[in-house]
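Hello,

I am handing this structure over to you. Please have it open while you read the notes below.

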Amino acid sequence: MIAGRPRRPVVSPLLLITVCICAVIVYLGCGSFGSQVGSTAASSRWISSAVHRGKPGKSGKSDVFNSTLGFEKVFAIGLPERSDKRDALSLMASLTGFRLTWIDGVVGKDIPDKALPFGWDREQMPDSNLGSWRGHINAIRQIVADGLSSALIMEDDMDWDVHIKSLLSQLAVAAGQIQKGFHRNQTLSSPSPYGQDWDMLWVGSCSTTFDEDLPEHLQIPPPERDPRKVLIRDDPTVPTANHLVGNGSFSWDSYPPQTRIVYVPGDNICSFAYALSAAGAQKALQYLSIEGQHKPFDNHLSDICRLRENGMRCVSIVPSLFVHHKPRGKVSGDSDINGGGENGEIREVGYTENVLYSTHLNMKNLVRGMAPEKQWAD
């Protein structure tokens, strides 16, 4: 285990992921999983399918195991002066086999009033939120301007499991199952391992509320709700329930251990990482920029999925595959949006929520060719 205890070799779960067949269960009924656990086969319809495991040696354009994780590009957004974050993220991507394209973050106070989105109130919203919005919009605009078939966008303080490509291969199968219930008005023109009928894959958030559990002020009409879920079971990279956070509307006790849930997002918080298809980027640019903006970017990103704005087709996963890392050092350096650490607090040990085999915490092991270690022993 990382973080102060004597080191001992840990068998990489990549072997387990490669050789075991993990059942993917799709629930196609109405209502939450928890309410259907005791149902008979006659009253609830389930479909089981095996996850196809790709091999890391593949490198095709539409392969999850290629150098851009099955997308055309992987963008990372960060302020140029945060060289510390760029150093870490660049090394982490290299060690786990993919390539980053950097998008410079924006300082909110540098955006002139005449370029503010409709509805933005500088007196009510901090400039740090404005800069965050502009950085994300610049990345989304790049997808549109360059005519990319798809791209993954992540913030510069991300962490992920060292077996991220195998985890994405599981997501690809599950996302394909969810897409069977989506409209097919805008099918991707280029092959994608994640399916042909998605607009957004929200793979990094910090809190999850399912469609059927939305609070009253966020609820959408019942006919528009989509409670379907795909369970990726027996995933050895999922921490035990006592180390899982961010499940805003449900209890992990309702699900088997070592399970990831793929679902149509109701209300997610935090725009840690998300992928957009070509059509998804066009829809997002129209709604998140041209239409206006008056709230933090992640709240508006959630709106476009929850409300199905512009026919948006979103898929998400929990526990998330990309999560904010809190490094050792000055707490004030954690975020360029939110405050913290004003009194000079120092964090002695870094950590990442919900990620068992943290790439950030395993960098020293990986550069030395050693096996990754767990964050937590249990």
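**Confidence**

For the protein, the average pLDDT is 84, and 81% of the residues score at least 70.

This is a predicted model, in which local features need pLDDT of at least 70 and side-chain atom pairs count only at pLDDT 80 or more, while totals for chains, interfaces and linings use all residues. Residues are numbered from 1 along each chain as its sequence is written, and side-chain values use heavy atoms, with hydrogens and water left out.

**Strands**

Helices (H or I, at least four residues) and strands (E, at least two) are DSSP runs, numbered from the N terminus; two strands pair if DSSP finds at least two bridges between them. Strand β10 (residues 260-263) points Arg260 and Val262 one way and Ile261 and Tyr263 the other, and all are buried (under 20% relative accessible area, with exposed over 50% and partly exposed in between; 1.4 Å probe, protein chains only). Strand β9 (residues 229-232) runs antiparallel to β10, joined by four bridges, and lysine 229 is opposite tyrosine 263. Strand β13 (residues 314-318) pairs with β10 over three bridges, also antiparallel; here isoleucine 261 faces valine 318.

Elsewhere, β6, β14 and β17 form an open antiparallel sheet in that order. Its edge strands, β6 (158-160) and β17 (351-352), each pair on one side only.

**Aromatic rings**

Rings of Phe, Tyr and Trp (its six-membered ring) pair if their centres lie within 6.5 Å; planes under 30 degrees apart count as stacked, over 60 as edge-to-face and the rest as tilted. The count comes to ten aromatic pairs. One of them joins phenylalanine 210 and tyrosine 263 edge-to-face, at 5.0 Å centre to centre and 75° between the planes. Phenylalanine 210 lies in strand β8 (residues 207-210) and tyrosine 263 in β10, so this pair ties together parts 53 residues apart in sequence. Phenylalanine 210 is buried at 2% relative accessible area.

Phe210 and Tyr263 belong to one aromatic cluster with Phe250, Trp252 and Tyr255. The charged end of lysine 229 sits over the ring of phenylalanine 210, 4.5 Å from its centre (NZ of Lys or CZ of Arg within 6 Å of the ring centre and within 35 degrees of the ring normal).

Regards

Notes: pLDDT is the predictor's confidence in each residue, from 0 to 100.
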